[in-house]
Amino acid sequence: MTIQIIKTTPFDDQKPGTSGLRKSVKQFKKPDYLQTFVQAIFNTLDNIGGSTLILGGDGRYFNREAIQIILRMAAAAGFGRVILGQGGILSTPAASNLIRKYQAAGGIILSASHNAGGPEGDFGVKFNGPNGGPAPESMTEAIFAASKQIQEYHIAPIQPIPVDKLGSYELAGMKIEVIDSVSDYLALMETIFDFNKIAALLQSGKFKMRFDAMHAVTGPYAHRILEQRLGAPVGTVIHGQPLADFGGGHPDPNQAHAKELMNLLYARNSEIDFGAASDGDGDRNMILGKRFFVTPSDSLAVLAANATLVPGYRNGIAGVARSMPTSQAPDRVAAKLGLACYETPTGWKFFGNLLDAGKITLCGEESFGIGSDHVREKDGLWAVLFWLNLLAEKQDSVENIVRSHWAEYGRNYYSRHDYEEIELQDANVLVDALLGQLPSLAGKQFGALTVDKADSFTYTDPVDGSVSKNQGIRILFADGSRIIFRLSGTGTQGATLRVYLEKYEPDASKHDQDVQEALADLLAIAQQVARIEELTGREAADVIT
Ligand code: VG1
Ligand code: CO
């Protein structure tokens with residue numbers, strides 16, 4: 001079959017952000033837009049000939065069309081085989097697992113994660129390398145450079161592949177295997193967790209949970225694993241059917257967007273003991289106890305402190321890592337257990353080297369993402385199973401487990417305030433003004449707080465020595481409190497300013513404060529120093545997590 005060579009002109013906006021290329025569906029549907037980016041990925045790969053590519057997405061609008069296009073381009077590029085999730089569905093962690101398991105050259109995951117979907121929503125393309133993890137910065141930069149020089153792309157003629165039917169197909173000499181999206185992932189989870197203990201808990205009749213799949217990719221995974229394999233009652237999984245527009249919602253598992261789940265757990269007479277949710281592509285998680293919210297930073301700390309209760313980590317963990325804006329709760333656990341603790345920039349791609357080198361076993365981000373060395377992505381359902389395994393072992397409530405953690409390690413009050421869709425220009429002025437102030441901030445007094453250090457975070461990768469600059473502005477106080485400012489790298493409209501607030505409280509008699517009240521003085525300092533209202537017109541954040 002002849003491969004078509006299509007002449008094209010490059011786009012100038014295909015720079016991958018924190019997690020792949022994310023744009024509106026409208027942008028992705030522009031003629032040759034997707035094709036140009038996919039060709040740019042292929043052009044930066046060596047040794048494609050005969051190798052395997054993993055392909056799937058979170059099922060959002062445009063997923064199916066994009067898959068047919070990418071299959072034709074993969075055949076033209078010379079891949080020997082594509083392994084495709086049935087119906088074009090693969091969660092991000094499941095794709096990461098398949099890349100590793102089948103020794104693929106890499107994978108393409110179609111998702112804009114927690115961003116809204118549908119014709120008016122967003123679409124995204126991520127490339128993961130042979131270790132199963134997001135392409136490192138050196139590679140995303142090479143892809144961007146290639147995208148600006150594309151003059152043509154290569155594509156096999158149209159030959160629709162029946163992606164809903166399991167089986168093997170052929171396209172222009174390339175093999176396509178449509179596989180069950182869940183089986184390999186479920187098999188991996190069975191090697192890590194004590195499924196018998198979790199099943200006993202879920203079937204005991206004394207413990208009720210709800211998992212909110214938010215009409216995104218984890219629906220099929222959660223139905224299979226929680227209800228069918230572990231025997232949780234039918235109805236445990238809510239919003240379990242993936243929809244192209246996620247039912248109109250933001251598939252973002254936080255207190256603001258998982259409203260229905262929050263209401264179930266916070267009802268005065270709630271009978272639900274454990275609540276969890278995941279995002280569009282299945283890599284994020286939110287953990288709730290009865291009328292109790294676990295911050296992702298605390299969740300990482302609790303899992304690290306209790307890891308040896310889980311079969312997969314019985315022999316202990318090598319170390320932990322957290323993204324810079326994530327609270328320092330995990331650091332305290334690492335210190336006590338004598339483990340190394342690394343601080344990386346935001347985005348999972350920075351954990352890959354540490355995991356590959358065996359320097360860490362667990363890692364996570366404040367943005368509802370936690371994971372381990374079992375794959376090279378954060379993993380929502382893995383985190384939920386981890387918590388279930390702990391609950392089954394400890395026979396205690398989520399709230400008690402977290403409160404006794406605080407009693408032992410102290411509590412890191414933590415919150416993130418997002419100012420969404422502000423004018424790009426305003427955001428840049430604000431950041432420049434902040435950068436300009438940094439040299440004069442050290443030693444400055446704000447009420448009871450003294451600034452110890454203020455800088456723009458630079459990360460030097462301890463494995464390959466690569467340096468990433470400008471990864472967030474930090475104001476560090478003498479008592480360990482922190483204010484961090486960052487601009488989001490996943491949005492598609494204007495700019496989103498993220499303000500991260502953290503305050504450490506060792507005194508157990510003060511662990512019952514309202515989080516926002518505990519952080520009110522820090523918020524006031526953040527607003528004042530960054531002149532947020534003056535420069536953006538915003539009095540308060542749009543989303544607080
Ligand atoms: C956000 C989060 C970051 C996360 C990224 C991708 O990035 O803050 O921690 O790694 O999303 O997550 P940003 O640049 O908007 O702050 V996902 O679930 O969208 O792959
Ligand atoms: Co995600």
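Okay, let's start with helix H2, residues 33-44. At 1.5 Å a residue, its twelve residues should span 16 Å, and the end C-alpha atoms sit 17 Å apart, so that agrees. Keep in mind that this is a predicted model.

Now, is H2 enclosed or out in the open? Nine of its twelve residues are buried, so the rest of the structure largely encloses H2. The buried ones are Leu 34, Gln 35, Thr 36, Phe 37, Val 38, Gln 39, Ala 40, Ile 41 and Phe 42. And what covers them? The cover includes helices H1 (25-28), H3 (63-77) and H5 (137-147), plus strands S2 (21-24), S6 (122-128) and S7 (152-155).

Nonpolar side chains tend to be buried together in soluble globular proteins. Here, the largest nonpolar core has 126 residues, and Ala 74, Val 82 and Ala 304 touch the most other members. Helix H13, residues 380-394, gives the largest share, eleven residues. Domain 1 (4-181) and domain 2 (185-409) each put in at least three residues.

Leaving out residues up to four places away in sequence, Val 82 touches Leu 53, Leu 55, Leu 71, Ala 74, Met 174 and Ile 176.

Last up, ligand 1. There are 18 residues around ligand 1, and Thr 18, Ser 113, Ser 488, Gly 489 and Thr 490 come nearest. By class, that shell has twelve polar residues, five charged and one nonpolar.

Definitions and conventions:
Residues numbered from 1 in each chain as written. Chains lettered and ligands numbered in written order. Predicted model: local features only at pLDDT ≥ 70, side-chain atom pairs only at ≥ 80, totals over all residues. Near = placed C-beta within 6 Å. Nonpolar A, V, L, I, M, F, W, Y, C, P; charged D, E, K, R; others polar. Core = buried A, V, L, I, M, F, W, Y, C linked by C-beta atoms within 7 Å. Buried ≥ 20, exposed ≤ 12 C-beta atoms within 10 Å, placed from the backbone. Helix = DSSP H or I, 4+ residues; strand = E, 2+ residues; numbered from the N terminus. Domains from an automatic or database assignment. Contact = placed C-beta atoms within 7 Å. Expected span 1.5 Å × (residues − 1).
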